[in-house]
Every structure is written in structure tokens, then in C-alpha cells.
Amino acid sequence: MLKKQRYEAFIQHFSENMPVAETELQYDNPFQLLVAVVLSAQCTDARVNTVTPALFARASTPAQMAQLSVEEIADLIRSVGLTPMKSKGLKGLS
């Protein structure tokens, strides 16, 4: 099966079986969802949901997040693990 055929089969399957995508992550806008997904690597959604309110209170938009230092981001997300890489990643994607 070619890559294009696998892709089409994947899209068809999920369109039929899960037409409405859902997540446990809590967010208010697409940027916050992206940040929550980054934080969820090697971490539970429940843990991410305990960290994001304080993070989003400080920076809920890319421009606001870009203004924070890597160290500030790290302090806000420390309990999710992989903090050095995730804080650098969040700064970079912002």
C-alpha cells in the first residue's frame, strides 16, 4: 500500500468512526492546544491540565509566550518533566 493510500484509509477510518475529535487537554484557543500537546509528551493530560492555567495566565498567545525567558517557562512547567527541552521548544515555537 502506497503512502497516499495509507493516508486516505486513515482519514476515512477516523472520519467514519470518530467524526468529532476530543481531548482531555484544557485550552481556549489553537495556540494553547499546541502548547498543551507539546507539554503532554511523556506526561499525563491530567498533569498538563494542572500546569497550564498558571502558564496561560502569564502567556496565552504566541507573542506573550515569546516575551518570557526560557527560565520563566521552565519554572512554570517544571512538574511535567523534560523541562529543559520543552521550555526551549515552547519559546522557539512562539
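Student: In which helix do F10 and F14 lie, and how many residues apart are they?

Tutor: Helices (H or I, at least four residues) and strands (E, at least two) are DSSP runs numbered from the N terminus. F10 and F14 both belong to helix α1 (residues 3-17), where they stand four residues apart, about one turn of the helix. The model is predicted, so local features require pLDDT of at least 70 and side-chain atom pairs pLDDT 80 or more, whereas totals for chains, interfaces and linings use all residues. Residues are numbered from 1 along each chain as its sequence is written, and side-chain values rest on heavy atoms, with hydrogens and water left out.

Student: How many aromatic pairs does the structure hold?

Tutor: Rings of Phe, Tyr and Trp (its six-membered ring) pair if their centres lie within 6.5 Å; planes under 30 degrees apart are stacked, over 60 edge-to-face, and the rest tilted. The structure holds one such pair. F10 and F14 form it, with 4.8 Å centre to centre and 50° between the planes, a tilted arrangement.

Student: What relative accessibility do F10 and F14 have?

Tutor: A residue is buried under 20% relative accessible area, exposed over 50%, and partly exposed in between (1.4 Å probe, protein chains only). F10 is partly exposed at 48%, and F14 is partly exposed at 33%.

Student: How many salt bridges does a search of the whole structure find?

Tutor: A salt bridge places a side-chain nitrogen of Lys or Arg within 4 Å of a carboxyl oxygen of Asp or Glu. The search finds two. One joins the side chains of E72 and R58, at 3.1 Å from N to O. Because E72 lies in helix α5 (residues 70-77) and R58 in helix α3 (residues 45-58), this pair ties together parts that are 14 residues apart in sequence. E72 is partly exposed at 30%, and R58 is partly exposed at 42%.

Student: Which residue forms a salt bridge with D75?

Tutor: The partner of D75 is R78, and their closest N and O atoms are 2.7 Å apart. D75 is exposed, with a relative accessibility of 55%, while R78 is partly exposed at 48%.

Student: At roughly what angle do the axes of α3 and α5 cross?

Tutor: Axes are lines fitted to C-alpha atoms, for helices over the stretch in contact, with angles from 0 to 180 degrees between N-to-C directions. Those of α3 and α5 come within 9 Å and cross at roughly 150°. The two helices are therefore roughly antiparallel (over 145 degrees; under 35 is roughly parallel, 65 to 115 roughly perpendicular, the rest oblique).

Student: Which residues of α3 and α5 meet?

Tutor: Contact means heavy atoms within 4.5 Å. V51, A54, L55 and R58 in α3 meet E72, L76 and I77 in α5. By class, this contact of α3 with α5 comprises five nonpolar, no polar and two charged residues. Ala, Val, Leu, Ile, Met, Phe, Trp, Tyr, Cys and Pro count as nonpolar, Asp, Glu, Lys and Arg as charged, and the others, Gly among them, as polar.

Student: With which residues is L33 in contact, leaving aside its neighbours within four places in sequence?

Tutor: L33, in helix α2 (residues 30-39), is in contact with T23, L25 and Y27 beyond those neighbours. L33 is partly exposed, at 26% relative accessibility.

Student: Where is Q42 placed?

Tutor: Q42 sits in the loop between α2 and α3. Although Q42 is not a glycine, its phi is positive, at about 60°. Q42 is exposed at 73% relative accessible area. L82, in the loop between α5 and α6 (83-93), is a residue other than glycine with a positive phi near 50°.
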